[in-house]
Amino acid sequence: MKIIKMNPEDPDEESIHQAIDVLISGGVILYPTDTVYGLGANVFNQKAVKRIYKIKNRDFNKPLSVSVSSLNDLLLIAEIRREHRDLVIEKLPGPFTFVLYKTSVIPDNYISTNKKIGVRIPNCKIAMELSQIFPITSTSANLSSKDTLESPKKIAKQLNGEVDLAIDIGPLSSKSASTVADLTKRDVNILRAGLGSIQ
């Protein structure tokens, strides 16, 4: 596994492109977000996405959320109900995962086994730049049922070095994952309380 040190406020473009090349080639990366470190793969590469399940020892029936770089990109893969548009615009980028109805761009696969998809826009320059060409998976970098550790070296050890490339910005201050809210109905349904507050 290759580790790249990076300044979160001033990401090195050459290193970002190197990480994107890994994603394009079907690799899996470890990257920072505004909550915890995540595991990223090109969502359109089913083999790469399947690797993440194996790395995490995750149940294949549990879908993975997706990270995009902007609201325009989000609207390419998901539909927002009219009554929730202001909420989404207000909270993103931020520590939220919104469950929405997906568009036909996203096929039925490990990312989405039904008509819904969880979407994030992390308030993190690195995460947004990594997903500027295509959406990437956004799942915590840990073994299922285990705590998410704060540093890439500890995470890599927990994951047995299975990741191809890691972007290291040092330990993250947050130990909480994103707040997950289902916006597919009129009322907002909080599925998981995390770092972000809907109130």
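This note sets out numbered points on the predicted model shown above.

1. Basis of the model. The structure is a predicted model, in which local features need pLDDT of at least 70 and side-chain atom pairs count only at pLDDT 80 or more, while totals for chains, interfaces and linings use all residues. Residues are numbered from 1 along each chain as its sequence is written, and side-chain values use heavy atoms, with hydrogens and water left out.

2. Overall form. The protein chain contains six helices and twelve strands; helices (H or I, at least four residues) and strands (E, at least two) are DSSP runs, numbered from the N terminus. Its C-alpha atoms fill a box of roughly 45 × 30 × 30 Å, taken along the principal axes.

3. Of the 199 residues in the protein chain, 52% are buried. Buried means under 20% relative accessible area, exposed means over 50%, and partly exposed lies in between (1.4 Å probe, protein chains only). Among contacts (heavy atoms within 4.5 Å) with a separation of 6 or more, 66% come from residues 24 or more positions apart.

4. The largest nonpolar core. In soluble globular proteins, nonpolar side chains tend to be buried together. A nonpolar core is a set of buried Ala, Val, Leu, Ile, Met, Phe, Trp, Tyr and Cys residues joined through side-chain atoms within 4.5 Å. The largest one here has 38 residues, of which Leu 30, Leu 39, Leu 74, Ile 77, Phe 98, Ile 111 and Ile 117 touch the most other members. At least two residues of this core come from each of α2 (46–56), α3 (71–77), α4 (85–91), β6 (96–102) and β7 (116–120). Helix α2 gives the most, with five residues. A second, separate core has 17 residues, including Val 22, Tyr 31, Cys 124 and Ile 167.

5. Ile 111. Leaving aside residues up to four places away in sequence, Ile 111 touches Val 43, Val 49, Pro 63, Leu 64, Val 66, Ile 106, Ile 117 and Thr 137.

6. Helix α1. This helix (residues 13–24) has twelve residues and reaches 16 Å from its first C-alpha to its last, close to the 16 Å expected at 1.5 Å a residue. The expected span is 1.5 Å times one less than the number of residues. Ser 15, Ile 16, Ala 19, Ile 20, Val 22 and Leu 23 are buried in α1. Seen down the helix axis, the buried residues fall within an arc of 155°, so they line one face of α1; the arc is that of the directions from the helix axis to the C-beta atoms. An α-helix has 3.6 residues a turn, so residues three or four places apart point the same way. The cover over the buried residues of α1 includes β1 (2–5), β2 (29–31), β3 (38–40), α5 (125–130), β8 (136–137) and β10 (165–168). After α1 comes Gly 26, whose phi is positive, near 95°.

7. Glu 129. This residue lies in helix α5. Not counting residues up to four places away in sequence, Glu 129 touches Pro 11, Glu 13, Ile 16 and Ile 20.

8. Two buried polar residues. Thr 97 is placed in strand β6 and counts as buried because its relative accessibility is 4%. The side chains of Thr 97 and Ser 178 are joined by a polar contact of 2.7 Å. A polar contact is a pair of N or O atoms within 3.5 Å; within protein, one must be able to donate a hydrogen and the other to accept it, and residues adjacent in sequence count only if both atoms are side-chain atoms. Ser 67, found in strand β4, counts as buried at 0% relative accessibility.

9. Backbone points to check by eye. The peptide bond from Leu 92 to Pro 93 is cis, with omega near 0°, and Pro 93 lies in the loop between α4 and β6. Asn 57, in the loop between α2 and β4 (66–67), has a positive phi near 60° although it is not glycine. Ser 145, in the loop between β9 (139–140) and α6 (152–158), likewise has a positive phi, near 80°. Asn 57 counts as exposed at 62% relative accessibility, and Ser 145 counts as exposed at 76%.
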